[in-house]
Amino acid sequence: MTDSQPGPTIPESDIAEVAAVLRRSARPVVLTGAGVSKESGIPTFRDALDGLWAQYDPEQLATPRAFRRNPKLVWDWYQHRREMLAAARPNPAHRAIAEVETVLPQLVVITQNIDGLHVAAGSSDVIALHGDIRRNKCFDNCQGDPTLVDVAALAWDRDAGPPRCPHCGAWVRPDVVWFEEMLPAAALERAYDLSHSTDVMLVVGTSGVVQPAASLPFAAKQHGATIIEINPEMTSITLIADWHLSGPAGAILPLIVAALRAVPDHPPEGPPDA
Ligand code: OAD
């Protein structure tokens with residue numbers, strides 16, 4: 001495993017080697033976490049407990065039980081997070097990942113983030129394991145899972161709390177995964193399938209502690225994939241990474257994309273040698 005430091009101290013040879021491995025990939029996958037959005041100014045999940053929200057523990061706000069107990073409190077916290085997100089734009093990391101697709105069109109992005117910034121940056125195949133904070137759904141999924149609700153089309157008394165489902169009258173909630181909840185089954189199944197078949201997995205900006213997403217790099221490694229981690233810190237994934245490029249994703253990924261473009265064109269030769 002090669003561990004490189006950020007910026008000018010990252011050996012160009014490491015960037016070139018990673019780019020060459022990526023270029024030869026037949027089934028590349030990128031797994032991202034909150035770190036890839038840090039340079040967009042998105043507070044991490046726990047940073048969003050600021051100001052008046054600091055008195056709460058995430059588990060008091062991001063669970064079905066918390067919502068049932070106090071739907072207005074939970075809805076207002078997500079409105080607070082949506083307002084913080086409204087000004088956020090994709091950063092160079094998101095844009096670099098989207099640009100990889102111009103060289104490797106088969107690239108798939110699996111993200112734990114709910115900010116929608118990979119799609120906004122132009123990535124065309126994104127699996128949002130934890131949902132999307134910009135979407136809302138019926139708490140009872142009365143028309144099927146998920147029963148998405150366009151709240152822009154609804155009028156409701158905001159002081160009373162969330163809007164009501166136009167189909168069944170149940171509360172409307174954010175379309176995100178809460179603690180104690182299962183991930184969307186189809187998304188998770190596809191994420192596991194891709195992790196079992198990928199030959200190169202880029203793991204960007206995740207602490208690797210939240211399951212089941214954290215198990216995907218290990219599944220990929222067990223099936224013979226090359227693991228490339230980009231993170232200023234070491235994580236549990238670092239232990240199995242073939243490369244750990246230590247630094248901000250917004251600085252490192254553009255270097256990799258530039259090197260990727262410099263790799264001579266040739267058809268993927270199947271799984272690269274690790
Ligand atoms: P974390 O906040 O647990 O970890 C963020 C990771 O990004 C850390 O390892 C940082 O070192 C790294 N990092 C920070 N700045 C970075 C940068 N500029 N470039 C690259 N990496 C950087 O976030 P996640 O691992 O994504 O789950 O876990 C967050 C999940 O926990 C959320 O999806 C949420 C929460 O419980 C649900 O909501 C279900």
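Residues are numbered from 1 along each chain as its sequence is written, and side-chain values use heavy atoms, with hydrogens and water left out. Because the model is predicted, local features need pLDDT of at least 70 and side-chain atom pairs count only at pLDDT 80 or more, while totals for chains, interfaces and linings use all residues.

Helices (H or I, at least four residues) and strands (E, at least two) are DSSP runs, numbered from the N terminus. At the start of H5, a side-chain oxygen of asparagine 91 comes to within 2.6 Å of the backbone nitrogen of alanine 93. Ala93 is also one of the buried residues of H5, together with His94, Ala96, Ile97, Ala98, Val100, Glu101 and Val103. Buried here means under 20% relative accessible area, exposed over 50%, and partly exposed in between (1.4 Å probe, protein chains only). The cover over these residues includes helices H1 (12-23), H6 (117-121) and H9 (249-262), as well as strands E2 (28-32) and E3 (108-111).

Turning to the cysteines, the structure holds zero disulfides, a disulfide being a pair of cysteine sulfur atoms within 2.5 Å. The sulfur of cysteine 138 has its closest cysteine sulfur in cysteine 168, at 3.6 Å, which is too far for a bond. For cysteine 142, the closest cysteine sulfur is that of cysteine 165, at 3.7 Å, again too far. Cysteine 138 is buried, at 0% relative accessibility, whereas cysteine 142 is partly exposed at 30%.

The ligand has 21 residues around it, of which Ala34, His130, Thr206, Ser207 and Asn231 come nearest; a residue is near if one of its heavy atoms lies within 4 Å. A polar side-chain atom of histidine 130 lies 2.8 Å from a ligand oxygen atom, and a polar side-chain atom of asparagine 231 likewise lies 2.8 Å from a ligand oxygen atom.

Finally, asparagine 113 sits in the loop between E3 and H6 and counts as buried because its relative accessibility is 9%. Its side chain reaches the backbone oxygen of glycine 33 at 2.9 Å.

Notes: Contact = heavy atoms within 4.5 Å. Polar contact = N/O pair within 3.5 Å; in protein donor to acceptor, adjacent residues only side chain to side chain.
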